[in-house]
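Please find below a short note prepared for your review. The points proceed from the chain as a whole to selected local features.

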Amino acid sequence: MTDLRVAVVGVGHLGRHHARVLKSLAGVELVGVVDVARARAEEVGREFGVPAFADARDVLGRVDAVTIAVPTIHHLAVARDFLDKGVATLVEKPLAKTIPEAEELVALARKRRAPLQVGHVERFNPAVRAVEGRIGKPRFIEAHRLSPFKFRSTDIDVVMDLMIHDLDLILHFADSPLKRIDAVGVSLLFGPEDLSNARLEFENGCLANHTASRISDKSMRKIRIFSEDLYASIDTLEKTVRLYRTTRELAKALAALPPEREPSLADLAAIPREFYSIEEPVLPDEEPLAGELKAFVESARARSEPVVPGEHGVRAMRAAEDVIREMRSHRWS
């Protein structure tokens with residue numbers, strides 16, 4: 001089997017890590033790194049022992065796949081050239097600056113039968129993957145993504161910067177069309193909103209509440225999911241999961257209580273420990289970005305549907321834009 005030839009376009013903070021991981025993967029040849037800041041491209045090229053380029057078109061004919069980590073406003077222009085040539089392409093989130101631009105990329109990828117993956121890296125977090133297929137139908141989802149200010153992405157609001165990660169996860173787990181969004185946001189530093197809270201209601205009845213902030217004094221990335229018989233507490237920063245599950249015996253015990261009153265705390269405290277379970281899965285020590293890029297390489301090699309296809313990127317952008325619209329139409333009394 002010949003090595004898959006891959007290049008990274010945009011080797012700033014995140015793109016450099018793309019190059020690092022791709023350089024380490026078996027069956028992958030990192031043929032070069034690209035950045036319009038030639039000095040940065042050469043610096044990263046020297047670090048990983050690969051050629052450096054200042055123009056993405058210089059690697060067009062040399063690659064089977066490409067990852068793109070340039071500023072969002074350039075996603076369409078850069079990705080379009082590669083997709084038009086049938087090159088498997090991973091584009092960092094958000095997929096594009098606008099929904100029409102994102103839809104153009106999706107349509108082009110389908111037309112050229114080129115795998116198009118979106119960089120929603122939390123899908124590959126071991127804590128998230130540990131609960132896949134175990135939750136059933138969520139009834140309520142609560143997410144908190146808090147971060148200190150890092151002086152990056154000051155041109156976009158906290159929704160497109162941070163919240164969109166968990167919006168993708170919420171949409172993935174709820175697995176239902178959105179019905180209603182209520183949102184509020186606050187801007188404290190450079191213009192775009194730095195803190196936002198959104199309440200999402202889905203057609204299947206699932207509700208979600210999401211708070212995102214990039215002006216917190218500490219980092220937090222937690223998701224809590226409540227379904228009919230399971231409560232999952234997911235920490236994507238610490239990469240830990242706790243699963244709380246009831247048993248049939250618990251249901252029988254509650255059913256045996258007098259029907260004329262609701263169970264009290266004393267009733268619940270008296271229920272034997274064996275009537276419910278707490279599970280803490282042992283998670284693999286894998287970097288989410290490594291999992292994401294491995295999946296992309298597999299999709300590119302097989303020319304198969306990516307785990308997070310372009311359509312999911314558009315779906316997350318639609319939800320994010322709905323949050324932004326509701327956030328900015330909120331009227332303070």
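**Note on the predicted model**

1. The accessible surface of the protein chain comes to about 16,400 Å², and carbon and sulfur atoms contribute 51% of that area. These values, like those that follow, are computed from a predicted model.

2. With regard to burial, the protein chain has 333 residues, of which 49% are buried. In secondary structure, the protein chain contains ten helices and 14 strands.

3. Among contacts in the protein chain with a separation of 6 or more, 70% join residues 24 or more positions apart.

4. One hairpin may be examined in detail. Strand S12, covering residues 230-235, pairs with strand S13, covering residues 240-246, in the antiparallel sense, and six bridges connect the two. Within this pairing, Ile234 is placed opposite Val241 of S13. Four residues lie between the strands of the hairpin, and Lys239 adopts a positive phi near 60° there.

5. The surface also carries a nonpolar patch formed by Val186, Leu188, Leu189 and Leu195. Together these residues have about 320 Å² of accessible area.

6. Leu189, one of the residues in this patch, belongs to the loop that runs between strand S8 (178-186) and strand S9 (195-202). The relative accessible area of Leu189 is 45%, so this residue is classed as partly exposed.

Conventions:
Residues are numbered from 1 along each chain as its sequence is written. This is a predicted model: local features need pLDDT of at least 70, side-chain atom pairs count only at pLDDT 80 or more; totals for chains, interfaces and linings use all residues. Side-chain values use heavy atoms; hydrogens and water are left out. Two strands pair if DSSP finds at least two bridges between them. Patches are made of residues with over 30% relative accessible area and no salt bridge: like charges are joined within 9 Å, nonpolar side chains (Val, Leu, Ile, Met, Phe, Trp, Tyr) within 5 Å. Accessible areas come from the Shrake-Rupley method with a 1.4 Å probe; for residues, only the protein chains shown count as cover. A salt bridge is a side-chain nitrogen of Lys or Arg within 4 Å of a carboxyl oxygen of Asp or Glu. Buried means under 20% relative accessible area, exposed over 50%, partly exposed in between (1.4 Å probe, protein chains only). Contact means heavy atoms within 4.5 Å.
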